[in-house]
Amino acid sequence: MVSKRLQEIPVSGTVNISNMVSQLKVEGVDIISFSMGEPDFSTPENIVDACVESLRGGFTHYTPSAGIPELRCAIADRASSESGIPCSPNNVLVTPTKQAIFMIALAYLDPGDEVILSDPSWVSYEACIRLAGAVPKYVPTRFEDDFIMDPANLAKAITKRTKMIILNTPSNPTGTVLPESTIKAIAELAIENDIYVMSDEIYESIVYDGAKNTSIASLPGMFSRTLTVSGLSKTYAMTGWRVGWMIAPEADILAVNKLQTHSITCCTSFTQPAAVEALRGPQDRRDEMVAEFKKRRNLALDLIAEIKGLECNVPQGAFYLFPRYDVHMRSVELAAYLLKEGHVAVTPGAAFGPSGEGFFRISYATSEDQIIEGFSRIKKCINALKGH
Ligand code: PMP
């Protein structure tokens, strides 16, 4: 029997859909997938070459647990120059982003501690909070407000047990980039109430329309209480490489590194020199990919606008849309219907928290042809459901 702790954790709503998609694909069904949160691009050549070179050069052993010094340095340089986070290499732990989030939950949360997060939120935060025995406290957000958390609502959710606030900007699943004014107000609340912030900025470079991501750790008085996580997966089409990081005060890095030494020991060795190349090498592929995502976002928004029964805000980051539908069905049922009848995979909004009911998530990190075909299928299904 698995532990009670694990029994209480539901299987990820995103994984459920992926499993159904895999099954249908095995049966030979042609599925358009809008459900995977990963770029369809290949990793840029210069990064692949750096990896091959390090493998051929025999860089295949354990590395220092916190990461090779060159990479810690490259990450610190990137975070200070692009995000204004006042950090040095000793403030960096190299670890897959998801692993960072998991270790932070184990390292900082005791049973009964409360963690405030925006609703809807990415699925794994709640699982990590619960695995640590802590309690998630969702602050609802609204479509009408572009899913931006209202600091006044956050303030109401704070209790004596609040240990941490989780921010994710740009957001998965909504693509929302939190405005600087909101982040400043949240920072004030964190300082006043002596609360940690974990800021997940894995989509920080994927922003459009002149939007700029604000790192809360760059604000006065915040570095000492912020655990920033990010990584290469989304920005450089490197999901399978498993390279990310955590940036925090040195004492926090040492604490979380204790968990790292007792779990994965270190990140994969030969991906680390390649990660240095990603951060320090030419950035033109990154910029091209972001430009391509923007074109796809605009295309998807145009196609949604043509479907009666769907409406969507214009998110300024990540590669997700979170349209609202006016069909009388729960989002899990609608996603199952779209998959079975339309052969198009989306993620039900309710997988991301109670406020996600009535919505579904589209990942547009796929080709324009797929986007056009996928929305044509969605249109037929929604029309059929609405009796048009
Ligand atoms: N945070 C968010 C918001 C994400 O969307 C993801 C990936 N889906 C992660 C963290 C995890 O990233 P990685 O796969 O690089 O560990």
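Mentor: Let us begin with the two domains. In this predicted model, the C-alpha centres of domain 1 and domain 2 lie 25 Å apart. Domain 1 comprises 4–43 + 284–385, and domain 2 comprises 61–280.

Trainee: What makes residues of domain 1 count as being in contact with domain 2?

Mentor: The criterion is heavy atoms within 4.5 Å. On that basis, 38 residues of domain 1 are in contact with 40 residues of domain 2.

Trainee: What area is buried between domain 1 and domain 2, and which atoms give it?

Mentor: The buried area is about 3,300 Å², and carbon and sulfur atoms give 61% of it. Of the area that domain 1 buries against domain 2, Arg286, Gln316 and Phe352 supply 21%, more than any other three residues.

Trainee: Why is the pairing of arginine 286 with glutamate 82 called a salt bridge?

Mentor: The closest N and O atoms of arginine 286 and glutamate 82 are 3.2 Å apart. The rule asks for a side-chain nitrogen of Lys or Arg within 4 Å of a carboxyl oxygen of Asp or Glu, so the pair qualifies. Across the interface of domain 1 and domain 2, the rule finds 4 salt bridges.

Trainee: How many residue pairs are in polar contact between domain 1 and domain 2?

Mentor: The count is 19 residue pairs. As for the side of domain 1 that touches domain 2, helix H1 (4–7), helix H11 (284–305) and strand E10 (320–321) each supply at least two residues. The largest share, 6 residues, comes from H11.

Conventions:
Residues numbered from 1 in each chain as written. Predicted model: local features only at pLDDT ≥ 70, side-chain atom pairs only at ≥ 80, totals over all residues. Heavy atoms only, no water. Domains from an automatic or database assignment. Buried area = accessible area lost by both parts, 1.4 Å probe. Polar contact = N/O pair within 3.5 Å; in protein donor to acceptor, adjacent residues only side chain to side chain. Helix = DSSP H or I, 4+ residues; strand = E, 2+ residues; numbered from the N terminus.
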